[in-house]
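This report looks at how a few elements of one protein model are arranged beside each other. Please keep the structure in view while reading.

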Amino acid sequence: MVMNKNLRIVVLDCDIPVPNVYAKRGHYSDIFIKLLQDAASTNQELSQLNIQSRRYDTVRGELPTTEDLQHFDAIIITGSASSAYDPEPWIYSLTDFCRTLYTSHPNIKIFGSCFGHQVLCHALFSPPNHNVVSKDPKGWELGVHPTTLSPSFLSEYGPVTSNPSNPSQLRLQFVHADHVTMNALPPGFHSIGSSQHCVFQGVWQKGRVLTYQGHAEFDRFVNGETLKVFGKPIWSQEFLGQALEMVDREDDAIWAATVMLRFFLEDAVEDCADIERESREDIGEEAEVMARL
């Protein structure tokens, strides 16, 4: 049981929420920390967890120094309206920072959401002169959708208890038009699962990296207001109305946030044979999904 433990988190804000969300909820860093606090308060083992945080405005060039990192346990990289392949100086700096963070600070857990997921995959997996992140030819994935979780991820974190009718499926809010495309993940990394729309819904390496393509930190209000702003110049009223209907579905945000906390608190260890076997099963499933899409 976690008793009176401090969890020190850096949040890299990669955008500012749309006006109505910012006015009521603050920065994405504020929204993330509130979600984690809510998740901890509903879990007996985590109820005494003391979550401390510091935000950096990554778009303005703020990133933790090596000295700063000595005082933290985990880093969250938020979503953004930008793309991981955009030729922006702050994105180049963030990508380089992610590479250095992963190679030089093995005790710091790294989490990324949506854009954060994509920029981490680019930093860790893109070969020279190629970006594993690209525009999704299938277009936008919007509202609440289920991700079928991989065997390795389910083995580590268990069934989705908030979705008893489909406990192998994680329902999250989505708003993205980019995706990560790879033939396979490097050794030690595992897919968290896939949806009908998107093959790679996140990656996981025990004690090191966890990403979600979806937004555990978004609820109906946050995603609804975001879609209204994003969609106004490009979507028809009919398309936006359909997306907002999908936003209004039930999600598993608290379960997903609890997984984040468990990940932040776990030790980095060598993957066991069972997880490696399940990873091979994941790759087989991903190949079937790719063939189907």
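How many bridges join strand E6 to strand E7? In this predicted model, E6 and E7 (residues 169-176) are joined by 8 bridges, and the two strands run antiparallel. Strand E6 also pairs with strand E10 (residues 193-194), to which 2 bridges join it, and this pair runs antiparallel as well.

Strand E6 covers residues 141-149, and because 7 of its 9 residues are buried, the strand is largely enclosed by the rest of the structure. As background for looking at such a strand, in a regular strand the side chains alternate between the two faces of the sheet.

The axes of helix H7 (residues 220-231) and helix H8 (residues 237-247) come within 9 Å and cross at roughly 170°. Since an angle over 145 degrees counts as roughly antiparallel, this crossing makes H7 roughly antiparallel to H8. The crossing of the two helices is right-handed.

On the H7 side, the contact is made by Arg220, Asn223, Gly224, Leu227 and Lys228, which meet Leu240, Ala243, Leu244 and Val247 of H8. Taken by type, the residues of this contact between H7 and H8 divide into 5 nonpolar, 2 polar and 2 charged.

Terms used:
Residues are numbered from 1 along each chain as its sequence is written. This is a predicted model: local features need pLDDT of at least 70, side-chain atom pairs count only at pLDDT 80 or more; totals for chains, interfaces and linings use all residues. Side-chain values use heavy atoms; hydrogens and water are left out. Buried means under 20% relative accessible area, exposed over 50%, partly exposed in between (1.4 Å probe, protein chains only). Helices (H or I, at least four residues) and strands (E, at least two) are DSSP runs, numbered from the N terminus. Two strands pair if DSSP finds at least two bridges between them. Axes are lines fitted to C-alpha atoms, for helices over the stretch in contact, and angles run from 0 to 180 degrees between N-to-C directions. Angles under 35 degrees count as roughly parallel, over 145 as roughly antiparallel, 65 to 115 as roughly perpendicular and the rest as oblique. A crossing is left-handed if the near helix is turned anticlockwise from the far one by less than a right angle, and right-handed if clockwise. Contact means heavy atoms within 4.5 Å. Ala, Val, Leu, Ile, Met, Phe, Trp, Tyr, Cys and Pro count as nonpolar, Asp, Glu, Lys and Arg as charged, and the others, Gly among them, as polar.
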